[in-house]
Amino acid sequence: MPNRAVVFVSEAHGGLSQARLSTIMADAERFNRNAGVTGITLFDGRRFLSYMEGPPDGLDVAFSRAVGATSHSGLIEIARGRVGQRRLPYWPMRSLPVQPDELKALALADWTSFTQRGGRDGTPLTAMDLLVAYVEPYAIAA
C-alpha cells in the first residue's frame with residue numbers, strides 16, 4: 001500500500017517554551033515510531049509547519065492527534081495525498097527552527113502531489129524541493 005502524506009500549518013499557543021516544545025516532539029516521536037510515520041515540524045517561534053508521511057492508517061491517527069493537540073490552534077491542512085516513496089525518512093518526528101519568511105515561503109509554495117522537480121529546466125522549486133533542501137543538512141549531521 002502506498003504511503004500518504006499530509007502537511008499543515010498552525011499557531012502556537014502563547015509563549016511555547018523550548019522545554020515544552022521538546023516534550024511535545026518527544027511524545028509525537030514515540031507515537032509516530034509505533035505508527036510507522038515519519039515527519040518534521042518547522043517552528044518559527046510562533047507558527048508551525050508540519051509534514052508527516054507513512055501508511056494511511058498510521059498517518060490518519062497521527063494527524064488526528066495533531067488536530068486535537070492543545071499546544072496549537074488554527075490548524076490549516078495545506079495538502080494531503082499519495083507519495084510513492086518517503087521523502088523525509090530520517091525521523092519519526094523532529095522539530096527544526098526556521099525563520100518566519102522561510103516558513104511562509106514553504107506554506108505558500110506548490111504542494112501539488114508532493115512533487116520534487118529540483119528546479120530543472122528553469123521550473124520553479126516546489127514545496128517539497130524547498131522542504132527537502134532545508135531538512136537535508138540536519139539529516140546529514142544526525
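N3 is found in strand β1, a strand being a DSSP run of E of at least two residues, whereas a helix is a run of H or I of at least four residues, both numbered from the N terminus. This is a predicted model, in which local features need pLDDT of at least 70 and side-chain atom pairs count only at pLDDT 80 or more, while totals for chains, interfaces and linings use all residues. Residues are numbered from 1 along each chain as its sequence is written, and side-chain values use heavy atoms, with hydrogens and water left out.

With a relative accessible area of 16%, N3 is buried; buried means under 20% relative accessible area, exposed means over 50%, and partly exposed lies in between (1.4 Å probe, protein chains only). Neighbours within four places in sequence set aside, N3 is in contact with G54, P55, G81, R82, V83 and R86, where contact means heavy atoms within 4.5 Å. N3 and D57 are 54 residues apart in sequence, and their C-alpha atoms are 9.8 Å apart in space.

Strand β1 also holds S10, which counts as buried at 4% relative accessibility. The side chain of S10 makes a polar contact with the side chain of H72 at 2.6 Å. A polar contact is a pair of N or O atoms within 3.5 Å; within protein, one must be able to donate a hydrogen and the other to accept it, and residues adjacent in sequence count only if both atoms are side-chain atoms. H72 is also among the residues that S10 contacts beyond four places in sequence, together with R46, R47, F48, S73, G74 and L75.

The sheet as a whole comes next. Its 5 strands form an open sheet in the order β4-β1-β3-β2-β5, with mixed pairing. β4 (72-83) and β5 stand at the edges and have a single partner strand each, so one side of each is left without a neighbour in the sheet. From one strand to the next, the twist averages 20 degrees. Helix α3 (residues 100-108) packs on this sheet, touching β1 (3-12), β2, β3 and β4, and its direction makes about 45 degrees with that of β3. Axes here are lines fitted to C-alpha atoms, for helices over the stretch in contact, and angles run from 0 to 180 degrees between N-to-C directions.

Strands of a sheet pair through backbone hydrogen bonds, either parallel or antiparallel. Two strands are taken to pair if DSSP finds at least two bridges between them. β1 and β3 pair in the antiparallel sense over 8 bridges, and in β3 the bridge partner of F8 is S50. Strands β2 (residues 38-43) and β3 (residues 47-54) also run antiparallel, joined by 6 bridges. Within that pairing, I40 has Y51 in β3 as its bridge partner, and L42 stands opposite L49 in β3. β2 and β3 form a hairpin with 3 residues between them, and G45 in the turn has a positive phi of about 95 degrees. β3 is mostly covered, with 7 of its 8 residues buried.

L96 is buried, with a relative accessible area of 2%. Apart from neighbours within four places in sequence, L96 is in contact with I40, T41, L42, F43, Y134, V135 and Y138. L96 and S113 are 17 residues apart in sequence, yet they are 24 Å apart in space, C-alpha to C-alpha.

S113 itself is found in the loop between α3 and α4. At 52% relative accessibility, S113 counts as exposed. F114 is placed in the loop between α3 and α4 as well, but counts as buried at 1% relative accessibility. Neither residue is a glycine, but phi is positive for each, at about 55 degrees for S113 and about 50 degrees for F114.

Helix α4 (residues 127-141) contains D129. D129 is buried yet has no salt bridge, and the nearest side chain of opposite charge, R117, is 5.4 Å away. The side chain of D129 does, however, reach the backbone nitrogen of R117 at 3.0 Å.

Note on methods
Lys, Arg positive; Asp, Glu negative; His and termini not counted. Salt bridge = Lys/Arg side-chain N within 4 Å of Asp/Glu carboxyl O.
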